[in-house]
Amino acid sequence: MMLNRRATEMAVFTLFRGCALLVVLALVVLLGYIVSGGLERLSVEFLTGMPRRANTEGGIFPAIVGTFYLMLIVLSISVPIGVMSAIYMVEYEQNSLMGKVFKMAVYNLAGVPSIVYGLLGLGIFVAFLGFGFSLISAGLTLSIMTLPLMISSAREAIAAVPSTVREASYALGATKWQTIWHHVLPYALPGIFTGMILSVSRAAGETAPLMLTGVAMSLQRLPDSFFDSFMALPYHVFYMATQSSDLLATRPIQYATALVLLLLVLGMNLFAIVLRKRYRDRYRW
Amino acid sequence: MTIAIRTDDLHVYFDKNHALKGVSMDIEMNQVTAVIGPSGCGKSTFIRCINRMNDLIPGCTVKGKVLVDGMDINDDDVDVVDVRRRIGMVFQKPNPFPKSIYENVAYGPRLHGVVETGNGKGRRRKHTKRELDEIVEHSLRRAALWDEVKDRMDKSGTSLSGGQQQRLCIARTLAVDPEIILFDEPCSALDPIATAKIEDLLVDLKKDYTVVIVTHNMQQAARISDRTAFFYLGDLIEMGDTKQIFERPQKEFTEQYITGRMG
Amino acid sequence: MRKNRHLPPREKAIQLALTVATWSSVLALAAVFGELLLGALPALSSISIIDFFTGTVWNPSHPIYPLYGILPLFVGTMMVSFGAALIAIPVGLGCSIWLAELASPRVKAIFKPAIEILAGIPSVIFGFFALVILSEWIAVVFEPVTKLNALNGAIMLAVMMIPIMVTVAEDAMNAVPMSLREASLALGATRWETVRHVVIPASLSGVVAAVVLAFGRAVGETMTVLMATGNATALHFDLLRSVQTMTAAIAIDFGEVEFGSEHYHVLFLVGLVLFVMTFLINFLADWVTRRFKEDY
Ligand SMILES: Nc1ncnc2c1ncn2[C@@H]1O[C@H](COP(=O)(O)OP(=O)(O)O)[C@@H](O)[C@H]1O
Ligand SMILES: [Mg+2]
């Protein structure tokens, strides 16, 4: 019986190890294919050139720039609102009824499918506010979409600052905001920064909402205002892989675009992970 | 007197921290042995070696021998699970499972089953419901908890008071019928009345079991133990009959500690 | 808690600004729901809601008799999501247990970032991989009816679900106090018995929530299924045939739909159904976590 129990344990644990291995394998295979497929076509010219001949030649510069603009919009809208909300939720409304309502709202907002955000953007920014199919409509939509992620990471960072720090500050006669500004935010900053990078990278990789708010298939120029139409990297991958005129001939372009997107998004994620690790080791309460 | 446990030059390292520095000790059967010493001196580390609980701590290495019945439990071909079945442990903070009182006590017997026939290497089978009920009742009675819980066996173990929880943990350990029971400061989270109950229980248990108890409460050690070991900074400083240790300590450190001149 | 009645004006102004910012989340959620309702309402005046929910044909672009039966899309979503869950639950749980109970700190320090990386990969990349690579493999192994099919989407979604599941489930298992494991081991349980009889029951609410949450994400996922499943709108239950999900229908059809047309509003209605579904799923996950929270 004892032998039996041991054998069961061995078998089950081997299975679990297999599961973990399988997941790592999936990641490696996925990255492997994209990287090896994409390197062939990747070049400076590809990154900085305009697309030509209905995207079958030339580069993806407008798509890169479009994605950067989107990130910029998200950065300037989602981040401040997210951080302010997080401060309010942790420092002012921690346990009240209103606090619960806010928490519920953020939790549910995080679960809304991205395509539904697209519908929201279409209805409100494109149609109702009259921004049309434009960079700003898409950017605002992505900002709302990333807001819950920004709030929850900032909230976690702020809540991780121990209450003893706040008490010490209050005991010295500081006001609430002075306490937050001088004693809470500085310690929470690395965490907030990490959340910011993750939110922006999430926005950079998102495709579905763009499809309803005005992403363009091909442009020979860069957008000249926030109300102009734009290209974006993730949509370019989708478009080239499913609708371009010669799917097989443009495979290298598809791979290379996917690789650029992957490098951009994973680069940011990796940076965030390293940053977090670094600061987690520094402040250990 | 028979030796139940013999440790021989036992060293424990937590990464580079040398927490136990060569402890050699004999623990006698059917006695209560108390392990005392200031906090951080390696008491817990020591008794956790006896049922190999230190295996669970990342970065922890154990060197040296722990002989139980003449067999070194640190040997590679010894099954750690079997060691722990034979050597039970009760922890500082009561840790009942978030299951019913009944399930808490029945947990161990269920895992191990019963030996079918008495001829040495019997096959094991599952307990019948009757047998299990009996074991649960017997163990709870033995742990002096039966009367308090017999009407609410299906309530969660976590719903009991601290002292009751600790007796439940003792009953749970008794139910697997170990030979040795290790107690790591079992009363430090309890009030004086609950503590007194557990102390009575410990003294009663030594009829059937070998008991090792870590305590930082010297009065407790004096009240209930037959032999006492004094640890300091990872060394076993002195061991002897409890009376002797408290009345005529041989070592300067020991005297300083029991007279309260050392933290 | 007692409020300070002597707030200086600056503090008051700051507090007001923070309040306004925080309300934006509530407002956004209300806007999502309101916008979907507003967009979907006109559809209800021209098509029958019963036909919509029971119709077995989704053919919105028929010039004379467009049909808006959501069932093929709903079944498509369910086939892909349940298929994904069937794969992701065992693998994800195995992974979580391995991570929480078995992995050494060193290996963990590598594996956890890997999981985060996997979670960070944009869904369009998964979709691209499914379209170009995975579908070929499936074609070789299963000889499916159509090359892009529900199975293709399900497998790819499973890979996307696993990081969410593992993160949440591992957290739940880590929250089980070490003392409970020690108690079980000290009674002579093997590590597996400890996991099975102590750790999993004690973290069950979190583990179930992890599964539900991941399932909700699968239901709402667009790009992967859009690119992987071929987008045929016939109603069937064959994993090896092409399906279209609700999300994919919205994404594709908006490319050609006329602004303000019946089709346009029906797509909002599909969006509303999708929103309500994911809302309920998330609610379930939250409820499970709260209701069955273990006290240790
Ligand atoms: N899990 C652990 N990891 C690292 N060091 C530990 C661990 N447990 C105990 N130690 C170290 O071992 C020494 C002895 O600790 P312990 O046996 O718990 O002391 P006591 O029980 O006598 O208070 C201490 O220096 C402590 O820091
Ligand atoms: Mg101790």
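**Note on the predicted model: cysteines, helix packing and the A–C interface**

1. Cys95(C) is buried, with a relative accessible area of 0%. Keep in mind that the model is predicted.

2. How many disulfides are there over all chains? The count is zero. Take Cys169(B): this residue is in no disulfide. The nearest cysteine sulfur belongs to Cys187(B) and lies 12 Å away. Cys95(C) is in no disulfide either. Here the nearest cysteine sulfur is in another chain: that of Cys19(A), 6.4 Å away. The 2.5 Å cut-off rules this pair out as well, because 6.4 Å is over it.

3. Next, a helix pair in chain B. Helix H3 of chain B covers residues 101–112, and helix H6 of chain B covers residues 162–174. The two pack at an angle of about 35°. Their axes are 7 Å apart. The crossing of H3(B) and H6(B) is right-handed. Which residues make the contact? H3(B) brings Ile101(B), Asn104(B) and Val105(B). H6(B) brings Leu168(B), Ala171(B) and Arg172(B). By type, the residues of this contact are four nonpolar, one polar and one charged. An α-helix has 3.6 residues a turn, so residues three or four places apart point the same way.

4. Now the interface of chain C with chain A. The contact involves 77 residues of chain C and 80 residues of chain A. Between them the two chains bury about 6,700 Å². Carbon and sulfur atoms account for 79% of that area. On the chain C side, three residues supply more than any other three: Leu18(C), Phe128(C) and Trp192(C). Together they give 10% of the area that chain C buries against chain A.

5. Phe68(A) deserves a look. This residue sits in helix H3 of chain A, residues 61–92. Is Phe68(A) buried, exposed or partly exposed? Phe68(A) is partly exposed, because its relative accessible area of 44% falls between the 20% and 50% cut-offs. The C-alpha atoms of Phe68(A) and Ala204(A) are 7.7 Å apart, although 136 residues separate the two along the chain.

6. Last, helix H11 of chain C, residues 246–253. Seven of its eight residues are buried, so the helix is largely enclosed by the rest of the structure. The buried residues of H11(C) are Met246(C), Thr247(C), Ala248(C), Ala249(C), Ile250(C), Ala251(C) and Asp253(C).

Terms used:
Residues numbered from 1 in each chain as written. Chains lettered and ligands numbered in written order. Predicted model: local features only at pLDDT ≥ 70, side-chain atom pairs only at ≥ 80, totals over all residues. Heavy atoms only, no water. Buried < 20%, exposed > 50% of the residue type's maximum accessible area, 1.4 Å probe, protein only. Axes fitted to C-alpha atoms, helices over the stretch in contact; angles between N-to-C directions. Helix = DSSP H or I, 4+ residues; strand = E, 2+ residues; numbered from the N terminus. Left-handed = near helix turned anticlockwise from the far one by under 90°. Contact = heavy atoms within 4.5 Å. Nonpolar A, V, L, I, M, F, W, Y, C, P; charged D, E, K, R; others polar. Buried area = accessible area lost by both parts, 1.4 Å probe.
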